[in-house]
Amino acid sequence: MRLPNLNGVRAFECAARHLNFRLASEELNLTQGAVAQQVRKLETSLGRKLFVRKPRGLELTEKGAAYFSEIHAALSRIDQATARLAPENRSVVLSVPPSFASMWLMPRLAEFEALYPDIELQVIASEGLSDFDADGVDLVVRQASPPFAPTLKSVQLAPLNLVAVASPAYLQTAPPAETLEDFRAHRLLENSHRHWRQWLGSDEEAGKAARVTRFNQTALAIAAARAGRGVAIAPKALIEPDIESGELVVVWRDEAEPEIGFHAVGLARPGRSAKDRDLLAEWLCGQFGKVWG
């Protein structure tokens, strides 16, 4: 008898372990339909029914259970032999917003690399939505608010906590600002989220136009603030080192309880790099005193 198609054998072994085509598809990075089709072709080639399809999952037939026992052992031996022969390729892809990457992540990357020198970390700077399978991303950090889809696992790293900051040199010659409206007399710096506009309202409402310079990234607005060009708004989590060093001074803070925050998000059942993805997530959460568990 000819050997069966190995893709079908792998699909069967995975579906038999989970007793569920959907969970098998997530592990194999295939569609649920593709896994079911491969198993059907295997059953046809063997001339045996391996599963009983039920509304809430699968059940192995007697022949299917016996076949699974042998196949599972054989594939495990193949995996072990391959692992001994080939060097382990450990890589993780992390997607973060550009300003989070430059202002928070880059200064701390050396620590992660020292802890896990065998893991190749690829960082993608993006604020767009990520498709974990299509984009090949293992973990993302995004400004978001719960709830997330049940297929995802998430941990809030930090609330947004917006603060307005300026350099000591700028504040020496700037007019005082005792109320939020007083900032209309300042040079204001903001990113594409337009937080100054949200805080101050429209110019027509106030009767006095504010001088606002807008940047497409928070990091650029903060760089301008460090250079004494005005008052910038940023999430406190991104600029804490500047505040602690005295390079920037907090002159206003949003006292409202933010619904939005920075969240680490990944698939609840990752199909690839699961162990190393979790090591990265645990390190990332640990930096904020949180637990990826």
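By class, the second largest pocket is lined by 4 nonpolar, 3 polar and 5 charged residues; here Ala, Val, Leu, Ile, Met, Phe, Trp, Tyr, Cys and Pro count as nonpolar, Asp, Glu, Lys and Arg as charged, and the others, Gly among them, as polar. Before you click further, note that this is a predicted model, where local features need pLDDT of at least 70 and side-chain atom pairs count only at pLDDT 80 or more, while totals for chains, interfaces and linings use all residues. Residues are numbered from 1 along each chain as its sequence is written, and side-chain values use heavy atoms, with hydrogens and water left out.

**Stop 1: the second largest pocket**

Select Arg 22, Ser 25, Glu 26, Asn 29, Leu 30, Asp 131, Phe 132, Asp 133, Thr 151, Leu 267, Ala 268 and Arg 269 to show its lining. The space they line is about 220 Å³. On a 1 Å grid over the protein atoms alone, a pocket is an open set of points with protein on both sides within 12 Å along at least five of seven lines, a cavity is a set where a 1.4 Å probe fits but cannot get out, and lining residues have an atom within 4 Å of a point. Grid points are joined across faces, edges and corners, and a volume is the space filled by probe spheres set on the points.

**Stop 2: helix α2**

Which element gives the most to that lining? It is α2, with 3 residues. Helices are DSSP runs of H or I with at least four residues, strands are runs of E with at least two, and both are numbered from the N terminus. Color residues 21-28 to see α2, then pick out its buried residues, Phe 21, Leu 23, Ala 24 and Ser 25. Buried means under 20% relative accessible area, with a 1.4 Å probe and protein chains only. Their cover includes α1 (6-18), α3 (32-46), β1 (51-54) and β2 (57-60).

Now look at both ends. Asn 20 caps the N-terminal end, with a side-chain oxygen 2.7 Å from the backbone nitrogen of Arg 22. After α2 comes Asn 29, with a positive phi near 60°.

**Stop 3: the largest cavity**

Asn 29 turns up again here, lining the largest cavity along with residues including Phe 132, Asp 133, Leu 267 and Arg 277. The cavity holds about 60 Å³ of space.

**Stop 4: helix α12**

Select residues 274-287. At 1.5 Å times one less than the number of residues, the 14 residues of α12 should span 20 Å, and the end C-alpha atoms are 20 Å apart, which agrees. Arg 277 is one of its buried residues, and Trp 283 is another. Just after α12, Gly 289 has a positive phi of about 75°.

**Stop 5: the second largest cavity and Asn 191**

This cavity has a volume of about 30 Å³, and its lining includes Asn 191, His 193 and Thr 218. Is Asn 191 buried or exposed? It counts as buried because its relative accessibility is 5%. Find it in the loop between β8 (187-190) and α8 (195-200).

**Last stop: the largest pocket**

This pocket has a volume of about 330 Å³. Of its 14 lining residues, Glu 127, Gly 128, Leu 129, Arg 142 and Ala 144 are the closest to its centre.

Terms used
Buried means under 20% relative accessible area, exposed over 50%, partly exposed in between (1.4 Å probe, protein chains only). Contact means heavy atoms within 4.5 Å. A polar contact is a pair of N or O atoms within 3.5 Å; within protein, one must be able to donate a hydrogen and the other to accept it, and residues adjacent in sequence count only if both atoms are side-chain atoms.
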